[in-house]
Amino acid sequence: MVSLVQKTLKNACHLNARIKMYQINLEYQFESLNKMMRTHWAVRRKRQEEVMAAVDYAARRPFPKFEGKVRLTIVRQWGKRGRAFDPDNLVASCKMLIDCLKEPKGRSKYGLGIIKDDSSADIELLVKQEKSPDGVHRAIIRFTQGDKDV
């Protein structure tokens with residue numbers, strides 16, 4: 001199995017005076033809540049470390065730090081042998097990604113610090129899914145902060 005770090009795609013960053021936008025494109029296969037709940041805690045922890053390394057690599061330091069409320073849009077693209085998740089599984093499958101984006105605090109050592117926290121006071125979460133045009137499992141993570149969106 002090829003590691004997530006080796007399968008990472010490019011990122012894009014656009015900074016404007018009024019709107020701040022940052023995007024991370026990552027080859028990533030989402031796991032449903034049902035699958036995550038049936039996984040041993042040590043396997044989940046190892047998977048979290050792999051996801052953290054892949055997101056860190058894809059974000060290409062230095063990445064922006066967002067202060068205040070941020071619109072976080074995650075688009076799940078499923079590829080070959082994939083299918084759409086139902087809405088509750090779709091949102092739950094984003095947990096590992098979101099945990100990697102927030103500031104580390106307390107016992108949690110995971111987090112890049114791109115967003116302050118994953119609470120509703122700090123992010124507006126939008127999760128979408130679509131079939132991948134090229135058959136590759138992918139996550140597109142967009143951060144938007146500015147006049148029009150948040």
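Biologist: What share of the contacts in the protein chain with a separation of 6 or more comes from residues 24 or more positions apart?

Modeller: Heads-up: this is a predicted model, where local features need pLDDT of at least 70 and side-chain atom pairs count only at pLDDT 80 or more, while totals for chains, interfaces and linings use all residues. Residues are numbered from 1 along each chain as its sequence is written, and side-chain values use heavy atoms, with hydrogens and water left out. A contact means heavy atoms within 4.5 Å. For residues 24 or more positions apart, the share of contacts with a separation of 6 or more is 78%.

Biologist: Which pattern does the protein chain follow along the sequence?

Modeller: Helices (H or I, at least four residues) and strands (E, at least two) are DSSP runs, numbered from the N terminus. The chain has four helices and five strands. Read in order, they give β-β-α-α-β-α-α-β-β.

Biologist: How many Å separate the C-alpha atoms of Ala-59 and Gln-23?

Modeller: Ala-59 belongs to helix α2, residues 41–59, and counts as buried because its relative accessibility is 0%. Along the chain, Ala-59 and Gln-23 are 36 residues apart.

Notes:
Buried means under 20% relative accessible area, exposed over 50%, partly exposed in between (1.4 Å probe, protein chains only).
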